Amino acid sequence: MSRNYRERLDNVLRAVQKPGRYCGGEYGQTLKDKEKVKARFAFCFPDSYEIGMSNLGIRILYGVLNREDDIWCERAYAPWPDMEEMMKKYDIPLTAAESGDPLSEFDIIGFTLQYEMCYTNVLNMLKLSGLPLRAEDRGDDMPIVIGGGPCSYNAEPVADFFDCFSIGEGEEALVEFTKLYIKMKEEGRYTKKDFLLEAAKTIGGIYVPSFYDVTYNENGTIKAYTPIYDDIPKKITKRIMKDMDKSYFPDKLVMPYIETVQDRIMLEVYRGCIRGCRFCQAGIIYRPVREKTPAVLCRQAKCLYENTGYDEISLSSLSISDYSQIQDLTTKLLEWTNENKVSLSLPSLRVDSFTKELMDKIATVRSSSLTFAPEAGTQRLRDVINKNVFEDDLMRAVNVAFDAGKTQVKLYFMNGLPTETSEDLEGIAKLATNVVNEYYRNPNRRKGKSPQVTISVACFVPKPFTPFQWETQDTLEEFEEKIEYLGDCVTDRKVRYTHHDPRTSRIEAVLARGDRRLGKALEIACEEGFRFDAWEEYFDYDKWISVIEKAGLDASFYANRRRDDDEIFPWDIIDCGVTKEFLMRERNNAYLGKTTPSCREKCSACGANTLGGERSCCPQK
Amino acid sequence: MLSPKMISDENPQNIRIKFRKVGMLRYISHLDLQRTFAKVIVRSGIPAWYTKGFNPHAKLVFALPLSIGTQSECELLDIRLSRYMSCDEVKERLNSVLTDELSVIDVYEPESKFQDIGYAKYEINIVTNGASDDMADNIRALFSKKPILMFKHTKSGEKEIDIAPLIDTLNVSYDGECDLIRLSATLSATSENYLSPEMLITAMKDSLEILSTDIMSENYTIMRTALYLADGKTEFK
Ligand code: SF4
């Protein structure tokens, strides 16, 4: 059977762009005898191979699952539309990279949900696997479909399509889940329902949406989530790895032949974030901070270098310069990286901790551009969003860059933030011009070169589990007006202005704070052939609005409605450690323009310390 | 030949790696192959010689880039070592970090230059509707014409060339048992006059009713099997 699929796949590869996406056979993949393993797990990334292969979470979970002798975890990605067309034409189902077997033959299919706009790819991948979309239509003989990743913190729009979700960090939960599956199969007492019930009762972080009845108020808001069994949790508490030094980190990687987005070693330095930017979901849901020690990190980096041959190590964490031992770590790494011609890079920089010492150690020297994220154009608004960054910090940071001969600076901003006025938009243009002027004032600048300051402006999307979860998003008209106004403010020829498409951000906002009723819209979207909606070339706003309407829903109910303080949210079923009271306090502080210190300066009692965690900066619970 | 003791960073040793690139990996481009080998060399732990300067990298020189879709049993890659290591050990180390579809066949000290390559030999198998002895005859007739004018994409646009002089030998047969047309062709492979085996496919598609319908029922594979010197007979090593 599967040999046949491989052959057919082989035949069509000559006719698709980038066939390297589908040919498999990477060094470092895990191959097992399917007759000898007890559970086969297909880890799906609902976007292109190049993006999926770059995901650190998958790299970790792939290793964790394959460490178990009786589990074989394989990978699958969304086929690009040209390939999808071939698959449909020649009746080739979606297959896993390692074995080439169809996904429908697996025991468990896992999807990581990294961004809302990938939901249509999830459904399309189920469809291409020949599986019914709705969980209730998949029988005991079909794979269990489990989701995870940041969007699972409010996965209600896709709840109907998943049997369950693993909330929080999956290293332990997924293994426990798969082991339970094996056990019940072996004991001959497996039915999908019994298995899910036992998982919900006994494995922390497992959320089975069909076990909760949802009722709505007349105004469309949630009335209640009611568990249909007495002995399942009323709220699902996220899982975390308590000690990151002891937590699994891969010692080898699946090595792509074609170039991927993160084609390098990604060294996870710590989890969580000590800041608390009020728009940022990651900064809340990954709390508390848990650091690894430099010695462990060095060992992990060196091991990966030897087993992959990569010549670049990216220190990846939410805000890397906040790592308490960054100097020690970089010094230790440089002891052997220099000698082995390996470069270090940092994906994210905060201006207040960006120093010359740090810059000298990292590889961004290779590129002539540096990126900072002030997020807002005035100090007032930066205080509102709790982005504790001052213009002086930014100027000092860009001077470090200019001293080193850099000429290009990229600045990230957001528009549509709560309390924003035209002054804040003007502030964005002014800040950019000030950076240009700072360049000309710098005596050490690269002579004879003009600077280029790029401002990239995203549209604010209120997200669950943030202090702004009660806020409304600007309407399309407001966004468009602001985007144009800001364009008019940018008069400096050395400043390049780019902005995101507010229409995508609007759909993202609908899905981010959506409820289960949106499942209907997604189902229609899948029927109508939606996929790759995170890609501009495939995103069609009008069609999105039409499927939302066909489902009897209204986009503005989700995107443009200010929630009451006591409204029950679809994501209240999840406990991410941080309390709603803390988020509310932060929301109120935002309106007062009052900033909150970082966790390292002072604990603000968010509640995440109740989860535990080594090398965090939380007070003991 | 350098004695092991004399090999150093200042005096690196050239070695030649003969490898195969087969199966699904025929869909990996030359550029991606280069990037892959850079990493393979690091993880194998062989003492590769690095270029000096701003962006040091192991020096890799490939003999004849393979186009996407073509497999090979005879790819050659020259690298330099900054310290002695036996050819057997180099081979073993490389294969321990490679896969079956991309693996090393032999490692040796080269005694020739890639510029001396004159021809490359290809085995082409074609699954096509109406494959028969007659079709084999027609293909033979097509390639014994002179000239064989074809369009070739070059940097300066489309150019008409005569491919007849670039074909050294060409055998065609019909394999009734497998229902395949088999071509065995030795084609010019110098840097000035490189004839891609895909050009033969194009010629057949253009002039004969071959490979004209559906990719699922009609398909072909190409395998590069040997390299020759300018005489078209002596194997290039
Ligand atoms: S408990 Fe305190 S220190 Fe810990 S994450 Fe929350 S605010 Fe920060």
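**Exercise 1. How far apart are the centres of domain 1 of chain A and domain 2 of chain A, and what does each give to the contact?**

Step 1. Taken over C-alpha atoms, the centres of domain 1 of chain A and domain 2 of chain A lie 26 Å apart. The contact (heavy atoms within 4.5 Å) takes 28 residues from domain 1 of chain A and 27 residues from domain 2 of chain A.

Step 2. Locate the parts: domain 1 of chain A covers 5-237, and domain 2 of chain A covers 242-348 + 577-621. These bounds come from an automatic or database domain assignment.

A word on conventions before we go on. This is a predicted model, in which local features need pLDDT of at least 70 and side-chain atom pairs count only at pLDDT 80 or more, while totals for chains, interfaces and linings use all residues. Residues are numbered from 1 along each chain as its sequence is written, chains are lettered from A and ligands numbered from 1 in the order in which they are written, and side-chain values use heavy atoms, with hydrogens and water left out.

**Exercise 2. Find how much area domain 1 of chain A and domain 2 of chain A bury between them, and which salt bridges are involved.**

Step 1. The two domains bury about 2300 Å² between them, 63% of it on carbon and sulfur atoms. Buried area is the accessible area (1.4 Å probe) that two parts lose on being put together, summed over both.

Step 2. Leu56(A), Arg59(A) and Glu169(A) supply 26% of the area that domain 1 of chain A buries against domain 2 of chain A, more than any other three residues.

Step 3. Three salt bridges cross this interface; the term stands for a side-chain nitrogen of Lys or Arg within 4 Å of a carboxyl oxygen of Asp or Glu. Glu169(A) also pairs with Arg290(A) in a salt bridge at 2.8 Å, N to O.

**Exercise 3. Describe the interface of chain A and chain B.**

Step 1. Start with contacts: 33 residues of chain A meet 29 residues of chain B.

Step 2. Turn to area: the two chains bury about 2600 Å² between them, with 59% of it on carbon and sulfur atoms. In chain A, Arg14(A), Tyr27(A) and Tyr257(A) lose the most area to chain B, together 31% of what that side buries.

Step 3. Count the charged pairs: there are three salt bridges between chain A and chain B. Asp10(A) and Arg26(B) meet through their side chains in a salt bridge of 2.6 Å, N to O.
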